[in-house]
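Colleague: Hi, could you walk me through this model? I'd like to go bit by bit.
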Amino acid sequence: MTVQGKTAVITGSNSGIGLGVARELAKAGAHVVLNSFTDRDEDHALAEEIGKEFGVTARYIKADMSKGDECRALIEKAGTCDILVNNAGIQHVAGIDEFPAAKWDAIIAINLSSAFHTTAAALPMMRAAGWGRVINIASAHGLTASPYKSAYVAAKHGVVGLTKVTALETAEEPITCNAICPGYVLTPLVEAQIPDTMEKYGMDRETVIREVLLDRQPSKQFATVEELGGTCVFLASSAANQITGTTISVDGGWTAL
Ligand code: NAD
(Lines give C-alpha, C1' and ligand atoms only; values in the text may rest on other atoms or scores of the structure.)
Protein backbone atom coordinates (compact mmCIF):
# COMPACT_ATOMS: atom_id res chain seq x y z
CA MET A 1 0.00 0.00 0.00
CA THR A 2 1.15 3.53 -0.70
CA VAL A 3 -0.05 6.94 0.42
CA GLN A 4 -1.97 7.40 -2.86
CA GLY A 5 -5.49 8.66 -2.11
CA LYS A 6 -4.92 8.79 1.65
CA THR A 7 -5.60 12.01 3.59
CA ALA A 8 -2.70 13.46 5.59
CA VAL A 9 -3.06 16.15 8.24
CA ILE A 10 0.21 17.93 8.96
CA THR A 11 0.25 20.32 11.92
CA GLY A 12 2.34 23.49 11.64
CA SER A 13 2.74 23.20 7.90
CA ASN A 14 2.73 26.70 6.44
CA SER A 15 6.54 26.79 6.76
CA GLY A 16 9.70 24.70 7.16
CA ILE A 17 9.59 20.95 7.72
CA GLY A 18 5.78 20.74 7.86
CA LEU A 19 5.43 22.39 4.46
CA GLY A 20 8.18 20.14 3.05
CA VAL A 21 6.43 17.05 4.44
CA ALA A 22 3.08 18.19 3.01
CA ARG A 23 4.69 18.67 -0.42
CA GLU A 24 6.37 15.23 -0.42
CA LEU A 25 3.18 13.47 0.74
CA ALA A 26 1.19 15.31 -1.97
CA LYS A 27 3.84 14.42 -4.56
CA ALA A 28 3.32 10.76 -3.57
CA GLY A 29 -0.44 11.17 -4.15
CA ALA A 30 -1.86 11.94 -0.71
CA HIS A 31 -4.52 14.58 -0.14
CA VAL A 32 -3.17 17.04 2.38
CA VAL A 33 -4.47 19.33 5.10
CA LEU A 34 -2.10 22.16 5.97
CA ASN A 35 -2.33 23.98 9.28
CA SER A 36 -1.05 26.82 11.38
CA PHE A 37 -2.50 29.36 13.81
CA THR A 38 -2.80 32.16 11.22
CA ASP A 39 -5.56 32.59 8.63
CA ARG A 40 -3.89 34.65 5.90
CA ASP A 41 -4.54 34.55 2.18
CA GLU A 42 -1.02 33.21 1.66
CA ASP A 43 -1.75 30.24 3.96
CA HIS A 44 -4.68 29.20 1.77
CA ALA A 45 -2.64 29.98 -1.36
CA LEU A 46 0.05 27.51 -0.24
CA ALA A 47 -2.54 24.73 -0.13
CA GLU A 48 -3.97 25.78 -3.48
CA GLU A 49 -0.51 25.68 -5.10
CA ILE A 50 0.19 22.17 -3.72
CA GLY A 51 -3.19 20.95 -4.96
CA LYS A 52 -2.55 22.28 -8.47
CA GLU A 53 1.07 21.12 -8.64
CA PHE A 54 0.42 17.51 -7.57
CA GLY A 55 -3.23 16.98 -8.61
CA VAL A 56 -4.48 16.23 -5.08
CA THR A 57 -6.98 17.87 -2.76
CA ALA A 58 -5.13 20.32 -0.53
CA ARG A 59 -6.77 22.42 2.16
CA TYR A 60 -5.56 24.82 4.81
CA ILE A 61 -7.29 24.76 8.21
CA LYS A 62 -6.46 27.33 10.88
CA ALA A 63 -6.06 25.89 14.39
CA ASP A 64 -3.84 26.96 17.27
CA MET A 65 -1.86 23.94 18.45
CA SER A 66 -1.32 25.56 21.85
CA LYS A 67 -5.02 24.91 22.59
CA GLY A 68 -6.24 21.36 23.11
CA ASP A 69 -9.77 21.99 21.82
CA GLU A 70 -8.42 23.54 18.59
CA CYS A 71 -6.09 20.56 18.07
CA ARG A 72 -9.08 18.24 18.25
CA ALA A 73 -11.20 20.59 16.08
CA LEU A 74 -8.50 20.48 13.37
CA ILE A 75 -8.92 16.71 13.04
CA GLU A 76 -12.72 16.95 13.16
CA LYS A 77 -12.73 19.65 10.44
CA ALA A 78 -10.37 17.57 8.29
CA GLY A 79 -13.11 14.89 8.38
CA THR A 80 -10.66 12.10 7.50
CA CYS A 81 -7.18 11.57 8.89
CA ASP A 82 -5.34 8.51 7.58
CA ILE A 83 -1.89 9.99 8.16
CA LEU A 84 -1.29 12.36 11.05
CA VAL A 85 2.01 14.23 11.11
CA ASN A 86 2.50 16.04 14.41
CA ASN A 87 5.01 18.68 13.43
CA ALA A 88 4.06 22.05 14.95
CA GLY A 89 6.81 23.30 17.20
CA ILE A 90 8.49 26.35 18.66
CA GLN A 91 11.79 26.94 20.43
CA HIS A 92 13.13 29.21 23.16
CA VAL A 93 16.72 29.26 24.36
CA ALA A 94 17.55 30.33 27.96
CA GLY A 95 19.03 28.90 31.14
CA ILE A 96 16.53 27.19 33.45
CA ASP A 97 16.76 29.90 36.10
CA GLU A 98 15.93 32.58 33.51
CA PHE A 99 13.50 30.57 31.39
CA PRO A 100 10.17 32.47 31.15
CA ALA A 101 7.40 30.28 32.61
CA ALA A 102 5.02 31.32 29.83
CA LYS A 103 7.55 30.05 27.22
CA TRP A 104 7.85 26.75 29.06
CA ASP A 105 4.05 26.35 29.01
CA ALA A 106 3.81 27.30 25.33
CA ILE A 107 6.55 24.87 24.28
CA ILE A 108 5.05 21.98 26.26
CA ALA A 109 1.60 22.78 24.81
CA ILE A 110 2.63 23.18 21.16
CA ASN A 111 5.49 20.67 20.92
CA LEU A 112 4.03 17.91 23.12
CA SER A 113 0.41 18.24 24.27
CA SER A 114 -0.85 19.05 20.75
CA ALA A 115 0.30 15.59 19.61
CA PHE A 116 -1.71 14.00 22.42
CA HIS A 117 -4.88 15.89 21.44
CA THR A 118 -4.60 15.32 17.67
CA THR A 119 -3.75 11.64 18.15
CA ALA A 120 -6.72 11.21 20.50
CA ALA A 121 -9.02 12.72 17.87
CA ALA A 122 -7.47 10.87 14.91
CA LEU A 123 -7.26 7.30 16.28
CA PRO A 124 -11.05 6.68 16.09
CA MET A 125 -10.98 7.80 12.42
CA MET A 126 -8.03 5.51 11.67
CA ARG A 127 -9.76 2.60 13.41
CA ALA A 128 -12.95 3.22 11.41
CA ALA A 129 -10.91 3.35 8.18
CA GLY A 130 -8.94 0.21 9.14
CA TRP A 131 -5.57 1.86 8.52
CA GLY A 132 -3.53 4.67 9.95
CA ARG A 133 -0.16 6.26 10.47
CA VAL A 134 0.89 8.63 13.24
CA ILE A 135 4.24 10.28 12.56
CA ASN A 136 5.61 12.55 15.26
CA ILE A 137 8.34 15.00 14.32
CA ALA A 138 10.49 14.84 17.44
CA SER A 139 14.17 15.84 17.26
CA ALA A 140 17.68 14.67 18.03
CA HIS A 141 16.74 16.57 21.20
CA GLY A 142 14.18 13.80 21.83
CA LEU A 143 17.13 11.47 22.38
CA THR A 144 19.90 13.74 23.66
CA ALA A 145 20.07 17.09 25.46
CA SER A 146 21.70 20.49 25.05
CA PRO A 147 21.97 23.24 27.65
CA TYR A 148 19.52 26.18 27.51
CA LYS A 149 16.77 24.16 25.80
CA SER A 150 15.02 22.71 28.86
CA ALA A 151 11.44 23.00 27.62
CA TYR A 152 12.25 21.85 24.09
CA VAL A 153 14.30 18.84 25.24
CA ALA A 154 11.64 17.89 27.81
CA ALA A 155 8.85 18.21 25.22
CA LYS A 156 10.72 16.21 22.57
CA HIS A 157 11.62 13.42 25.02
CA GLY A 158 7.92 13.45 25.90
CA VAL A 159 7.00 13.08 22.23
CA VAL A 160 9.23 10.00 21.99
CA GLY A 161 7.45 8.55 25.05
CA LEU A 162 4.00 9.34 23.62
CA THR A 163 5.08 7.67 20.36
CA LYS A 164 5.88 4.42 22.20
CA VAL A 165 2.57 4.42 24.10
CA THR A 166 0.56 5.16 20.94
CA ALA A 167 2.35 2.29 19.18
CA LEU A 168 1.63 -0.15 22.02
CA GLU A 169 -2.05 0.83 22.20
CA THR A 170 -2.44 0.22 18.43
CA ALA A 171 0.04 -2.66 18.09
CA GLU A 172 -2.50 -5.28 17.01
CA GLU A 173 -4.21 -2.93 14.56
CA PRO A 174 -3.11 -1.79 11.07
CA ILE A 175 -1.96 1.47 12.61
CA THR A 176 1.64 2.46 13.35
CA CYS A 177 3.18 5.33 15.27
CA ASN A 178 6.79 6.43 14.98
CA ALA A 179 8.89 9.49 15.67
CA ILE A 180 11.33 11.09 13.26
CA CYS A 181 14.29 12.70 15.01
CA PRO A 182 15.88 15.30 12.76
CA GLY A 183 19.20 16.91 13.48
CA TYR A 184 19.53 20.48 12.26
CA VAL A 185 17.42 21.47 9.26
CA LEU A 186 17.79 25.04 7.98
CA THR A 187 14.22 26.29 8.47
CA PRO A 188 12.86 29.55 9.96
CA LEU A 189 12.99 27.93 13.45
CA VAL A 190 16.76 27.38 13.16
CA GLU A 191 17.37 30.62 11.25
CA ALA A 192 15.85 32.49 14.23
CA GLN A 193 18.47 31.01 16.59
CA ILE A 194 21.44 32.27 14.54
CA PRO A 195 21.48 36.00 15.53
CA ASP A 196 21.31 35.23 19.29
CA THR A 197 24.04 32.61 18.98
CA MET A 198 26.22 35.02 16.96
CA GLU A 199 25.86 37.57 19.73
CA LYS A 200 26.33 35.06 22.55
CA TYR A 201 29.61 33.65 21.16
CA GLY A 202 30.79 36.74 19.22
CA MET A 203 30.94 34.71 16.00
CA ASP A 204 29.97 35.42 12.41
CA ARG A 205 27.12 33.56 10.72
CA GLU A 206 29.24 30.93 8.91
CA THR A 207 31.18 30.10 12.09
CA VAL A 208 27.95 29.74 14.07
CA ILE A 209 26.59 27.34 11.43
CA ARG A 210 29.74 25.14 11.27
CA GLU A 211 30.97 25.26 14.83
CA VAL A 212 27.81 25.69 16.90
CA LEU A 213 24.74 24.45 14.99
CA LEU A 214 26.50 21.69 13.07
CA ASP A 215 29.04 21.02 15.82
CA ARG A 216 27.24 17.81 16.79
CA GLN A 217 26.17 16.89 13.24
CA PRO A 218 29.12 14.84 11.93
CA SER A 219 27.99 15.14 8.28
CA LYS A 220 28.45 18.94 8.62
CA GLN A 221 25.35 19.33 6.47
CA PHE A 222 21.81 20.35 7.33
CA ALA A 223 19.11 17.73 6.71
CA THR A 224 16.57 18.95 4.15
CA VAL A 225 12.80 19.23 4.38
CA GLU A 226 12.57 16.98 1.30
CA GLU A 227 14.53 14.25 3.10
CA LEU A 228 12.17 14.48 6.06
CA GLY A 229 9.15 14.38 3.75
CA GLY A 230 10.63 11.30 2.07
CA THR A 231 11.02 9.62 5.48
CA CYS A 232 7.32 10.29 6.16
CA VAL A 233 6.36 8.79 2.77
CA PHE A 234 8.42 5.69 3.68
CA LEU A 235 6.84 5.37 7.14
CA ALA A 236 3.41 5.61 5.52
CA SER A 237 4.21 2.88 2.97
CA SER A 238 3.55 -0.86 3.39
CA ALA A 239 7.33 -1.42 3.65
CA ALA A 240 6.98 0.12 7.13
CA ASN A 241 4.01 -2.00 8.30
CA GLN A 242 6.06 -3.56 11.11
CA ILE A 243 7.91 -0.40 12.07
CA THR A 244 6.14 0.98 15.10
CA GLY A 245 7.02 2.58 18.42
CA THR A 246 10.47 3.57 17.32
CA THR A 247 12.53 6.60 16.36
CA ILE A 248 14.22 7.23 13.02
CA SER A 249 17.11 9.67 13.21
CA VAL A 250 17.72 11.93 10.23
CA ASP A 251 20.63 13.71 11.84
CA GLY A 252 23.84 13.24 9.83
CA GLY A 253 25.23 10.98 12.59
CA TRP A 254 24.52 13.24 15.61
CA THR A 255 23.18 10.43 17.83
CA ALA A 256 26.00 8.07 16.80
CA LEU A 257 28.52 10.25 18.62
P1 NAD B 1 9.24 26.41 11.53
O2 NAD B 1 9.26 27.54 12.49
O3 NAD B 1 9.68 26.65 10.13
O4 NAD B 1 7.84 25.74 11.48
C5 NAD B 1 7.06 25.55 12.62
C6 NAD B 1 5.64 25.43 12.16
O7 NAD B 1 4.80 25.33 13.32
C8 NAD B 1 5.18 26.67 11.38
O9 NAD B 1 4.34 26.26 10.32
C10 NAD B 1 4.40 27.44 12.42
O11 NAD B 1 3.42 28.27 11.85
C12 NAD B 1 3.79 26.30 13.20
N13 NAD B 1 3.31 26.70 14.51
C14 NAD B 1 3.97 27.36 15.49
N15 NAD B 1 3.15 27.59 16.52
C16 NAD B 1 1.96 27.05 16.19
C17 NAD B 1 0.71 26.99 16.84
N18 NAD B 1 0.50 27.52 18.05
N19 NAD B 1 -0.30 26.36 16.19
C20 NAD B 1 -0.14 25.84 14.96
N21 NAD B 1 1.03 25.88 14.30
C22 NAD B 1 2.06 26.47 14.92
O23 NAD B 1 10.12 25.26 12.21
P24 NAD B 1 10.64 23.85 11.67
O25 NAD B 1 12.11 23.87 11.84
O26 NAD B 1 10.07 23.51 10.35
O27 NAD B 1 10.08 22.90 12.81
C28 NAD B 1 9.05 21.97 12.58
C29 NAD B 1 9.17 20.85 13.59
O30 NAD B 1 10.41 20.16 13.41
C31 NAD B 1 9.16 21.34 15.04
O32 NAD B 1 8.43 20.45 15.84
C33 NAD B 1 10.63 21.31 15.41
O34 NAD B 1 10.82 21.14 16.78
C35 NAD B 1 11.10 20.09 14.63
N36 NAD B 1 12.54 20.05 14.41
C37 NAD B 1 13.16 21.03 13.68
C38 NAD B 1 14.52 20.93 13.50
C39 NAD B 1 15.27 21.95 12.70
O40 NAD B 1 16.51 21.90 12.70
N41 NAD B 1 14.63 22.86 11.98
C42 NAD B 1 15.25 19.88 14.04
C43 NAD B 1 14.58 18.92 14.78
C44 NAD B 1 13.22 19.01 14.96
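Colleague: Where does tyrosine 148 lie?
Modeller: Tyrosine 148 is in the loop between strand S5 (132–137) and helix H5 (150–169). Helices (H or I, at least four residues) and strands (E, at least two) are DSSP runs, numbered from the N terminus. This is a predicted model, where local features need pLDDT of at least 70, side-chain atom pairs count only at pLDDT 80 or more, and totals for chains, interfaces and linings use all residues. Residues are numbered from 1 along each chain as its sequence is written, and side-chain values use heavy atoms, with hydrogens and water left out.

Colleague: And what phi does tyrosine 148 have?
Modeller: A positive one, about 75 degrees, although tyrosine 148 is not a glycine. Most residues other than glycine have a negative phi.

Colleague: How accessible is tyrosine 148?
Modeller: Tyrosine 148 is partly exposed, with a relative accessible area of 39%. Buried means under 20% relative accessible area, exposed over 50%, and partly exposed in between (1.4 Å probe, protein chains only).

Colleague: OK, switching to strand S6. Are its residues buried or exposed?
Modeller: Eight of the eight residues of S6 (residues 175–182) are buried, so S6 is largely enclosed by the rest of the structure. Both faces are covered, with Ile175, Cys177, Ala179 and Cys181 on one side and Thr176, Asn178, Ile180 and Pro182 on the other.

Colleague: How many bridges join S5 to S6?
Modeller: Six, and the two strands run parallel. Isoleucine 135 stands opposite asparagine 178 in S6.

Colleague: What's the strand order in the sheet?
Modeller: It's an open sheet of seven strands, S3-S2-S1-S4-S5-S6-S7, with parallel pairing. Two strands pair if DSSP finds at least two bridges between them.

Colleague: Which strands stand at the edges?
Modeller: Strand S3 (58–62) and strand S7 (247–250), each with a single partner strand, so one side of each is left without a neighbour in the sheet.

Colleague: Now the helices. How do H3 and H4 cross?
Modeller: The axes of H3 (residues 68–78) and H4 (residues 101–129) come within 8 Å and cross at roughly 30 degrees. Axes are lines fitted to C-alpha atoms, for helices over the stretch in contact, and angles run from 0 to 180 degrees between N-to-C directions. That makes H3 roughly parallel to H4 (angles under 35 degrees count as roughly parallel).

Colleague: Which residues of H3 make the contact?
Modeller: Gly68, Cys71, Arg72, Ile75 and Glu76 of H3, meeting residues of H4 that include Phe116 and Met125. Contact means heavy atoms within 4.5 Å.

Note on methods:
Angles under 35 degrees count as roughly parallel, over 145 as roughly antiparallel, 65 to 115 as roughly perpendicular and the rest as oblique.
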